[in-house]
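Me: I have a structure to go through today and I'd like to take it slowly. Could you help me with it?

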Amino acid sequence: MPLSIEYRVSPTPESLALAAAEFFVASVEDAVRQRRRARVAISGGSTPKAMFAALASPALPFLARMPWEALDLYWVDERCVPPTDPDSNYRMTREALLEPLAKNLAALGRAFSAAQVHRIEAELAPEVAAARYESELRNSFRLEGAETPRFDLVALGMGPDGHTASIFPGTQAIYNFTELVTANEVPQKQTTRITLTWPVINQASRIFFLIAGADKAATLRAVFTGARDPDRLPAQLIRPANGILTLLLDQAAAAELPATDSNGRGTLLSR
Ligand code: 6PG
């Protein structure tokens with residue numbers, strides 16, 4: 001199926017964070033309208049921090065607007081460290097989203113409970129952490145047999161090397177079609193990471209990449225307009241089953257893509 005890649009370019013880091021928060025909330029609202037619940041998988045790294053801050057801020061509309069009580073939060077991937085480690089995606093999310101959210105929701109008489117947070121227990125041995133997270137997915141999605149979980153939204157980032165989630169160039173996760181979650185050895189980082197596999201990600205109802213910075217411009221061009229080479233550019237594995245992929249970008253990251261229209265929007269078709 002051809003893939004329609006819709007990219008939206010924001011002029012500043014602040015407006016990118018707001019655009020991402022708006023896409024996030026609108027996606028959750030749609031899911032809750034249709035299914036009364038929303039299951040979202042988020043990525044780590046640094047780019048999502050400003051989006052998380054916007055979602056939790058009492059000064060912006062997203063905090064009151066988001067149906068937090070109907071949301072289940074999962075992670076796309078996690079580093080194999082304790083949840084208190086500076087490298088932990090959970091710790092980043094706790095600091096940038098969960099802690100301010102708890103305080104600011106309480107002021108509204110609302111809460112986002114711990115039961116809605118499905119952390120990857122990456123402090124455990126990698127194979128154990130992957131197996132336990134897969135079990136958590138199967139139980140919380142109430143999967144039968146070989147069913148694949150269908151997230152309502154997956155939020156992805158991309159590294160300058162073309163990795164996404166923890167699917168890095170030349171690693172086994174590129175070829176993993178069978179598991180929901182895998183412990184992926186990443187030699188270039190001298191570590192193992194726990195990650196959703198790309199077939200699971202692609203089943204999501206909506207997927208967006210949140211990408212900022214000039215250091216990603218050339219990779220963005222290669223991934224989304226260049227020759228198909230997912231072993232070198234794993235982000236090319238992300239092809240949503242519904243045929244629509246959204247890129248939320250800042251101007252620096254979008255610098256090598258075709259110019260956008262006057263609304264900062266562009267479309268690429270990928271065969
Ligand atoms: C992680 C992420 C990873 C991230 C990219 C981009 O665990 O680091 O899941 O896939 O999205 O590395 O990271 P930045 O946002 O820090 O550039």
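Me: Leaving aside neighbours within four places in sequence, which residues is alanine 173 in contact with?

Reply: Apart from those neighbours, alanine 173 is in contact with Ile167, Thr182, Asn184, Thr195 and Trp198, where contact means heavy atoms within 4.5 Å. Please keep in mind that this is a predicted model, in which local features need pLDDT of at least 70 and side-chain atom pairs count only at pLDDT 80 or more, while totals for chains, interfaces and linings use all residues. Residues are numbered from 1 along each chain as its sequence is written, and side-chain values use heavy atoms, with hydrogens and water left out.

Me: OK, and where is alanine 173 placed?

Reply: Alanine 173 is in the loop between β6 and β7; helices (H or I, at least four residues) and strands (E, at least two) are DSSP runs, numbered from the N terminus. The C-alpha atoms of alanine 173 and threonine 195 are separated by 8.3 Å, with the two residues 22 apart along the chain.

Me: Is alanine 173 buried or exposed?

Reply: Alanine 173 counts as buried because its relative accessible area is 1%, and buried means under 20%, exposed over 50%, and partly exposed in between, using a 1.4 Å probe and protein chains only.

Me: Switching to the ligand, which residues come nearest?

Reply: Of the 15 residues around the ligand, Thr47, Asp77, Arg79, Ala165 and Lys216 come nearest, and a residue is taken as near if one of its heavy atoms lies within 4 Å of the molecule.

Me: What are the distances from a ligand oxygen to the side chains of threonine 47, aspartate 77 and arginine 79?

Reply: For threonine 47, an oxygen atom of the ligand is 2.6 Å from an N or O atom in the side chain. For aspartate 77 the corresponding distance is 2.7 Å, and for arginine 79 it is 2.7 Å. Taken alone, the ligand exposes 420 Å², and the protein buries 89% of that; these areas come from the Shrake-Rupley method with a 1.4 Å probe.

Me: Ala165 was on that list, so where is alanine 165, and what is its phi?

Reply: Alanine 165 lies in the loop between β6 (153-156) and β7 (181-186), and its phi is near 50°, a positive value in a residue other than glycine. Alanine 165 counts as buried because its relative accessibility is 7%.

Me: Which other residue has a positive phi of about 50° although it is not a glycine?

Reply: Glutamine 190 has such a phi, and this residue is found in the loop between β7 and β8. Glutamine 190 counts as exposed, because its relative accessible area is 72%.

Me: What about arginine 193, where does that one lie?

Reply: Arginine 193 lies in strand β8, which covers residues 191-196, and it is buried, with a relative accessible area of 7%. Not counting residues up to four places away in sequence, arginine 193 touches a set of residues including Asp77, Arg79, Ser166 and Ala183.

Me: How far apart are the C-alpha atoms of arginine 193 and alanine 183, and which side chain does a polar contact of 3.3 Å join to arginine 193?

Reply: The C-alpha atoms of arginine 193 and alanine 183 are separated by 5.6 Å, although the residues are 10 apart along the chain. The polar contact joins the side chain of arginine 193 to that of serine 166; a polar contact is a pair of N or O atoms within 3.5 Å, and within protein one must be able to donate a hydrogen and the other to accept it, with residues adjacent in sequence counting only if both atoms are side-chain atoms.
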